[in-house]
Amino acid sequence: MTSSPLATYQPDQRALALIGGEATDANLRRYLHGIPGIDAVGLEARAADLGTRSIKTSSKRWAIDTIIGLIDLTTLEGADTPGKVRSLVAKALVPDPGDPGCPRVAAVCVYGDMVGAAVTALGSLHAAGATEGVNVAAVATAFPSGRAALAIKLADVRDAVTAGADEIDMVIDRGAFLAGRFGQVYDEIVAVKEACRRADGSLAHLKVILETGELNTYDNVRRASWLAILAGGDFIKTSTGKVAPAATLPVTLSMLEVVRDWHRLTGVRIGVKPAGGIRTSKDAIKYLVTVAETVGEEWLTPHLFRFGASSLLNDVLLQRQKMTTGHYSGPDYVTID
Amino acid sequence: MKFLDYAPAPESQALLNLKSDYGHFINGDFTAGRGTPFQTINPATEQPIAMIATANEADVDAAVSAARHAYDGVWSRLSGSDRGKYLFRIARLVQERARELAVAETLDNGKPIKETRDVDIPLVAAWFFYYAGWADKLDHAGVGPNPASLGVAAQVIPWNFPLMMLAWKIAPALAAGNTVVLKPAETTSLTALLFAEILQQADLPAGVVNIITGDGSTGQALVNHPGVNKVAFTGSTSVGRSIARSVAGTGKVLSLELGGKGANIVFDDAPIDQAVEGIVRGIFFNQGQVCCAGSRLIVQESIHDDVIDRLKRRMQTLRLGDPLDKNTDIGAINSAEQLARIRELSDLGQREGAERWSADCVIPENGFWFAPTIFTNVSTSHRIARDEIFGPVLSVLTFRTPAEAIAKANNTPYGLSAGIWSDKGSRILAVADRLRAGVIWANTFNQFDPSSPFGGYKESGYGREGGRHGLAAYLKPAVRSGSRSIAAADPVTTPVTKKSASAKKAAK
């Protein structure tokens, strides 16, 4: 099943030990189908229960600032131009011009060919993987469908990394996953991870988009999460934002449970990124609660949790202004990017 | 700061308009009691809330007479659709005053506001809506055409779900055409008295529902009153037993919903995270003060350690404290007496050799509190595996095969509830078929719905509440002229006494 270019990449030995052999379709199926299933009703009830937490006053203030610092401010349009990306970067650096104390977002997320424009616009405030400043994330691997030859997907990744992307948001091959070709999905992630390697040997951070809306069942989401982590993903991400439903609280909860179990098993912390459909601070706070009560609040850092969103930021800023001034303003008091 | 130390989010008490003294609700009006009044306190703070009247025998007699008068004069003559209108009106008023009722229930009972707000009060409204719909469809209740009501129902309810148990009792009784005298539990009378205000608002004819308060002796006087046709009791098995004894041979129809020691069976193919949630909901919901609580976890030995590890992690996120705080998961134990019993049995469990583990919780200084606790290494002979603790205490047992799981689950004098966790539908059905429990949940626990009958086997009582079956408990087949006998509606609903057996024969 392994096509020739894939065989040249070295998968993680620990993953192979867990799978109990080579990453073949059969071995992976045995492993992934041995993971306990998910009861959809119970999972959704738990998510709804977490959603009833009442976050007020000082907790809300902390949550609002934390959310801003966890956002991957995103533009993924066919109509994106260098000008649009410059505007997005300006917003990422100074979300609220009226309040210099407002934190910056974690990263901007753009198509691969816009990475150069983003890096230029950031200038000295390009964090490049560090904590100060803003990172540049690029979607790659024939985003959003993932329907292209492997060589093209890898070239897509290398181009973005060469242009200065700090993070790569890849999509898995959902067709291969749904057809049971788990080995192919696994090998592709391993290959993409290798393509994230820079000239100096360091690696761009790899987020693996499962596109949960196409996987359809929670059991599939759980298996795809394990598969992505076994193959070396640093982050698992729900969606491209181009398929409905995108991120939901139950889906994110199920992925957080995998991350928690992986940490129990190996001591390694994997990140989670819900993306698409999170538009209000109220919703975003539910995600913070779910993270804190499922994996622990040490996950609430940009290295381990992100929101993929575009309109969320302004709603959070309105809430932030309300908490500072005591009254609500309106959409004319936050900037569009 | 630590995010998980959520800032306080207390529910406001501003819309509560409590009186300092409450009398009985008899014949449509509040009247002072003739017994010695007592104080109802907030179990979370031990602060007094209000003075509650005690009904003596004369008060009981007045309440039963009012109910009889309303039955003969008004309620039994109303059409089903008219009775339904009142019930719909009550249901809507409960919804309108839901927030107020939730706060009052939390104050008086100690359970967290998120439970009264999201579970208790919505179910109260749902029960009235459900039985309102039945009031004009009694021909389809399964008792035959033109079924007759029983008369005056004496209803004695417990303190664990005060208003919900009231709804379970009053809604079907009224839908079926009976009138009611209800006695709430001594420690939790408050919301029943607020409910009496709702009855006034709804313009329910005087005497159709009467609410008297007091301790066990009031309840005893009520069920023993000769003017009563039906006795419905929810509470402990020992009290239930003495009621059964005193009612025997009187011709009163009896339904009992008593204790339980529910088994929550987790197979190795269970959806593990949801099973852990179900275990938590099964035993820590309402501080475990639930007759159908899943107080025995019977887990397959091969996954025991993993399940316990996950359960302990999950229990560490439970928040114990101010019941009025919207983020509180575990509230106060209802009374000092109940807390003493939970402590006694838990200490006994430890002495018997089981391994005790409690979540780290800061226990408030005042009030009655018990941290969520599990016991592992429990064997079937331990008292904590057999006695109903009625608190947030879980006993964990293991099994190797489905046959052993079934045998252990059934090895109890009770038979109220059970849960089965497995991804395999055929196994769930096969195991459910062999469990002696009135309610069996599959891949969930402690779910209630007015359309679903609820009740027990063996020492958990008899009779069903909820659904069509719950209606049949307040009906008898059409009475032919000249015959005044009370026929058994359903062998499950009514214990076969000499009288009802002969009545059945007569009905043929």
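Helices (H or I, at least four residues) and strands (E, at least two) are DSSP runs, numbered from the N terminus. What you have here is a predicted model, in which local features need pLDDT of at least 70 and side-chain atom pairs count only at pLDDT 80 or more, while totals for chains, interfaces and linings use all residues. Residues are numbered from 1 along each chain as its sequence is written, and chains are lettered from A, with ligands numbered from 1, in the order in which they are written.

Let's start with helix 2 of chain B, residues 80–96. Several of its residues are buried, including B:Tyr86, B:Leu87 and B:Ile90. Here a residue is buried if 20 or more other C-beta atoms, placed from the backbone, lie within 10 Å of its own, exposed if 12 or fewer, and partly exposed in between. Looking down the axis of helix 2 of chain B, the buried residues fall within an arc of 160° (taken from the directions from the helix axis to the C-beta atoms), so they line one face. B:Ser81 and B:Asp82, on the other side of helix 2 of chain B, are exposed. Among the elements covering the buried residues of this helix are helix 3 (98–109) and helix 4 (113–134) of chain B.

An α-helix has 3.6 residues a turn, so residues three or four places apart point the same way.

Now for a sheet. Three strands of chain B form an open one in the order 1-5-4, with mixed pairing; two strands pair if DSSP finds at least two bridges between them. Strand 1 (21–22) and strand 4 (38–42) of chain B each have a single partner strand, so one side of each is left without a neighbour in the sheet. Two bridges join strand 1 to strand 5 (residues 47–52) of chain B, and these two run parallel. B:Tyr22 stands opposite B:Ile52 in strand 5 of chain B.

Where do the two chains meet? Contact (C-beta atoms, placed from the backbone, within 7 Å) links 21 residues of chain B with 23 residues of chain A. Helix 9 (residues 272–284) of chain B gives the largest share of chain B's side, five residues.

In chain A, a cis peptide bond joins A:Phe143 and A:Pro144, with omega about 0°. A:Pro144 lies in the loop between strand 3 (135–139) and helix 7 (150–162) of chain A. Another cis peptide bond joins A:Ala244 and A:Pro245, with omega about -5°.

Over in chain B, B:Asn27 has a positive phi of about 55° although it is not a glycine, and B:Asn27 is partly exposed, with 18 other C-beta atoms within 10 Å. B:Asn443 also has a positive phi, near 55°. B:Asn443 sits in the loop between strand 18 (439–442) and strand 19 (461–462) of chain B, and counts as buried because it has 20 C-beta neighbours inside 10 Å.

Terms used: Two residues are in contact if their C-beta atoms, placed from the backbone, lie within 7 Å.
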